[in-house]
Amino acid sequence: MFDVPGWPAHLAGQHVDVRLTAEDGYSTQRSYSVASAPDGDRVELTIQRVADGEVSPYLMDVMEPGDRVELRGPIGGWFVWRPEQAEPVLLVGGGSGIVPLMSMVRTRGAVGGHAPFRLLYSVREPDDRLYAPELLRGEPGLDTEYLYTRAAPPEHPRPVGRLTAEDLVRGGWPADRRPMCYVCGPTGFVENAATLLTALGHDPDRIRTERFGPSGG
Amino acid sequence: MAIISRGFHGRRPAPGRNLPPGQYEVHDFPVLSAGPTPHVTHDEWEFTLTTETSARHTWDWAELMALPAETPTVDLHCVTKWSKFGTHWEGVSLDTLLADVETAADFALVHSYGGYTTNLPLADLLDGQAWIAHRYDGEELAPEHGGPARLLVPHLYLWKSAKWVRGIELLLDDEPGFWEGLGYHSYGDPWREQRYQGD
């Protein structure tokens, strides 16, 4: 959670650049998606620790409340959801790809939006779920389904495995409803989901993707 | 004035590695794109240069393959901060494709299958700086990396190296492409860290 004086309200789905600078002037940057809805000067990032990373371990282990950091943004004007969009929305998130989608869910909640949202959230196992209490609490007009790829809770109806066309038919929208589809996750996940959505008849122009992996993070 | 990050030491690039400011080195080849990967067959593929007078020069796949290929080894710098050193490509130089094209244009707008566009000065496509690349690391270029063919302009941030390239429009006036219209820098020189508008 960062307080950013003068922060211009971001759009749901945008990211920021975080720059760290060492005492000798060496600096490095990484991009992180904003997880929160616009809320004054307050910006929440969700950061996945990369075990041998240069930046994420610093942010999680060394940085303390009150420390200052250089933060630039908001950045990106394509992978965004705007509250004035009225069409149905399908969110497909893999792993930490949930983060910008969560900003969309929260923004919709904050403005009392009526656009129907469906969220398909793929994780390896129950412990990997981010924002679990918030998503379990849910909200009207938001349907959330978990897709477990390695281990599912005992009573979960869906067999474990990667995202399939059936998942997108059951948990998504028919293409003729012209939903906007946002897909975010690691490259293989996004490639698979976007290819399946296209095959199901969704217009490629209505499938927006954001891909990231733990490269160097 | 930079804020010093208390307790941050960071990593320095390996000796001999010349990293542009704000970049870090990766060894894999990350994929970034704004939408689904277009799947274009060699039979469907076509590349068209259009001049400011609407003259068109078109090559199909066989015609592209018949042109002399070069094998540049280049460093890639992505605006999302990763750099990859010493990548091996095979492709046709834009100098070859533009050799017989009459134009007074100063700018180029690159078009891709799937609708992506990016702009750059025509001068940046000339003098051995740019290729229509169709092989990567000895293999056919994979669709997620832009196959059948992508533009390769390695001295600019990688979003300028349009994947799934289908044509280049030569223009008298600069016209922003996809990311350039969404807040990214018009030119994108990694050594001057031109990531976003105003840099």
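The following paragraphs describe the contacts between and within chain A and chain B. The model is predicted.

The interface between the two chains comes first. Chain B contributes 38 residues to the contact, and chain A contributes 42 residues. Together the chains bury about 3300 Å². Carbon and sulfur atoms account for 50% of that area. The size of an interface is often expressed as the accessible area lost when the parts come together. Polar links also cross this interface. Between chain B and chain A, 22 residue pairs are in polar contact. On the side of chain B that touches chain A, 17 residues are nonpolar, twelve are polar and nine are charged. Five salt bridges span the interface of chain B and chain A. A salt bridge joins K81(B) to D17(A), with 2.9 Å between the closest N and O atoms.

Chain A was then examined by domain. The assignment places domain 1 of chain A at residues 2-75 and domain 2 at residues 89-211. The C-alpha centres of these two domains are 25 Å apart. Twelve residues of domain 1 of chain A meet twelve residues of domain 2 of chain A. The two domains of chain A bury about 900 Å² between them. Of this area, 56% comes from carbon and sulfur atoms. On the domain 1 side, A12(A), A35(A) and T46(A) lose the most area to domain 2 of chain A. These three residues together make up 41% of what that side buries.

Polar links also occur between the domains of chain A. Six residue pairs are in polar contact across the interface of domain 1 and domain 2 of chain A. The side of domain 1 of chain A that touches domain 2 has five nonpolar, six polar and one charged residues. One salt bridge is counted between the two domains of chain A. R106(A) and E44(A) pair through their side chains in a salt bridge, at 3.4 Å from N to O.

R42(A) is partly exposed because its relative accessibility is 37%, between the cut-offs of 20% and 50%. R42(A) and F2(A) are 40 residues apart along the chain, yet their C-alpha atoms are separated by 5.8 Å. Leaving aside residues up to four places away in sequence, R42(A) touches M1(A), F2(A), D3(A) and S36(A). With D3(A), the side chain of R42(A) makes a polar contact to the side chain, at 3.1 Å.

Salt bridges were also counted over the whole structure. Over all chains, the structure holds 25 salt bridges. Side chains of opposite charge can pair when their charged atoms come close. In chain B, the side chains of K160(B) and E180(B) form a salt bridge at 2.7 Å from N to O. K160(B) sits in the loop between β10 and β11 (165-171) of chain B, and E180(B) in the segment after β11, so the pair ties together parts 20 residues apart in sequence. K160(B) is buried, at a relative accessible area of 0%. E180(B) is also buried, at 4% relative accessibility.

A further salt bridge of chain B links D189(B) with R192(B), and the closest N and O atoms are 3.0 Å apart. The accessibility of its partners was compared. D189(B) counts as buried, at 13% relative accessibility. R192(B), at 53% relative accessibility, counts as exposed. The side chains of R195(B) and E193(B) also meet in a salt bridge, at 3.0 Å from N to O. R195(B) is buried, with 1% relative accessibility. E193(B) is buried too, at 16% relative accessibility. A network of salt bridges links R195(B) and E193(B) with R19(A) and E70(A).

H145(B) counts as buried because its relative accessibility is 11%, under the 20% cut-off. Beyond residues up to four places away in sequence, H145(B) touches F29(B), P30(B), V31(B), R150(B) and K163(B).

Terms used
Residues are numbered from 1 along each chain as its sequence is written. Chains are lettered from A and ligands numbered from 1 in the order in which they are written. This is a predicted model: local features need pLDDT of at least 70, side-chain atom pairs count only at pLDDT 80 or more; totals for chains, interfaces and linings use all residues. Side-chain values use heavy atoms; hydrogens and water are left out. Contact means heavy atoms within 4.5 Å. Buried area is the accessible area (1.4 Å probe) that two parts lose on being put together, summed over both. A salt bridge is a side-chain nitrogen of Lys or Arg within 4 Å of a carboxyl oxygen of Asp or Glu. A polar contact is a pair of N or O atoms within 3.5 Å; within protein, one must be able to donate a hydrogen and the other to accept it, and residues adjacent in sequence count only if both atoms are side-chain atoms. Ala, Val, Leu, Ile, Met, Phe, Trp, Tyr, Cys and Pro count as nonpolar, Asp, Glu, Lys and Arg as charged, and the others, Gly among them, as polar. Buried means under 20% relative accessible area, exposed over 50%, partly exposed in between (1.4 Å probe, protein chains only). Domain bounds come from an automatic or database domain assignment. Helices (H or I, at least four residues) and strands (E, at least two) are DSSP runs, numbered from the N terminus.
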